[in-house]
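Thanks for coming. I will go through one model this morning, starting with a loop and ending with the helix packing. Please have a look at it first.

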Amino acid sequence: MAFPPLFRRWVVWVFWLGFVAQAQALSFSTVILDAGHGGHDGGAAWHGLVEKRLCLDVAQRVERILKARGVRVVMTRRTDAFVALDARAQVANRYSRSVFVSIHFNANRKTSIHGMEGYYRSAAGKTLARSVLRSMDRRVTGTNRGVFNRNFKVLRSTKMPATVIECGYLSNRTEAKRCGSVAHRQAIAEGIAAGIMATRG
C-alpha cells in the first residue's frame, strides 16, 4: 500500500522528534542541589529579602519533591553556612551519573529588569537549563528570559551536566514581593523539580 507524500513526511518528522528527544535525555541517578551563597555571603539583598535564605528555602523544597519521587538528592549546604565554590564542585564531583542545579536569585541596578534565567557551559547543561526554565515558565508567574552560556566557576569545575538557575530579580519590587511569598517559592521548586525530571533518560 502506497502512503501519500504528506503522510510519509509526517512519519519522518515524528521519528525525528523522537530521536531528538532521546538524544537530549540525560542519564542520572543523583541530583546535586546547590543553594547559592550562605553564611557571610548573603548574595543580593533588596526589599527586605536576602538571597541566601531564599536559595536555601527553594533548594529544600526541591529536595523534598525529588525525594518523594524516589530520586537521590545531595545538598551542598543545608544550613546558613558559607561553602566555597571549589568545595561545592568537589561535593558534586563525588557522584557519578548526576546533574548539578545551582539555585539563585538575581538583582540589577536597573530595577525594571525582571524574570527567570538559566546558565550553562556544556551542551548537556544547556539541555538541563532549557528544561528547567521551560518547566518554571509553565508554573511560575514571571518572564522566561532564556538560557545563556557562561563560564561560572560552579559550571566550569563540575564534571556533570550543570546549570545555574536565577529564579527572579529581587531588585524588581513586584518580583521581590512574589519571591517573598511561600506559595511562589513552592511553585518555583515544583518547576525546577519537574524540569530536572523531564530530562531524565
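Let me begin with H37, which sits in the loop that joins β1 to β2 (45-46). Although H37 is not a glycine, its phi is positive, about 65°. H37 is also buried, at 17% relative accessible area. Buried means under 20% relative accessible area, exposed means over 50%, and partly exposed is in between, with a 1.4 Å probe and protein chains only.

H47 is another non-glycine residue with a positive phi, about 50°. H47 belongs to the loop between β2 and β3 (49-50). Its relative accessibility is 36%, so H47 counts as partly exposed.

Some housekeeping. This is a predicted model, in which local features need pLDDT of at least 70 and side-chain atom pairs count only at pLDDT 80 or more, while totals for chains, interfaces and linings use all residues. Residues are numbered from 1 along each chain as its sequence is written, and side-chain values use heavy atoms, with hydrogens and water left out.

Now the chain as a whole. There are seven helices and eight strands in the protein chain. Of its 201 residues, 47% are buried. Taking contacts (heavy atoms within 4.5 Å) with a separation of 6 or more, 81% are between residues 24 or more positions apart.

Next, the interior. In soluble globular proteins, nonpolar side chains tend to be buried together. By nonpolar core I mean a set of buried Ala, Val, Leu, Ile, Met, Phe, Trp, Tyr and Cys residues joined through side-chain atoms within 4.5 Å. The largest such core here has 39 residues, and the members touching the most others are V62, F105, M136, I192 and I196. Elements that contribute two or more residues include β1 (30-35), β5 (98-106), α4 (123-139) and α7 (182-198). Which element gives the most to this core? It is α2, with eight residues. Leaving aside residues up to four places away in sequence, V62 touches L33, I103, A189, I192 and A193. There is also a second, separate core of eleven residues, V74, A92, F100 and V154 among them.

That leaves the helix pairs. Axes are lines fitted to C-alpha atoms, for helices over the stretch in contact, and angles run from 0 to 180 degrees between N-to-C directions. Under 35 degrees counts as roughly parallel, over 145 as roughly antiparallel, 65 to 115 as roughly perpendicular, and the rest as oblique.

For α2 and α7, the angle is about 50° and the axes are 8 Å apart. The two are therefore oblique to each other. In this contact, α2 contributes residues including L54, V58 and V62, and α7 residues including A189, I192 and I196. By class, the contact of α2 with α7 has twelve nonpolar residues, one polar and four charged. Nonpolar covers Ala, Val, Leu, Ile, Met, Phe, Trp, Tyr, Cys and Pro, charged covers Asp, Glu, Lys and Arg, and the others, Gly among them, are polar.

For α4 and α7, the angle is about 140°, with 7 Å between the axes. This pair is therefore oblique as well. Residues of α4 such as L128, V132 and M136 meet residues of α7 that include I188, G191 and G195. The contact of α4 with α7 divides into nine nonpolar, four polar and two charged residues.

Notes:
Helix = DSSP H or I, 4+ residues; strand = E, 2+ residues; numbered from the N terminus.
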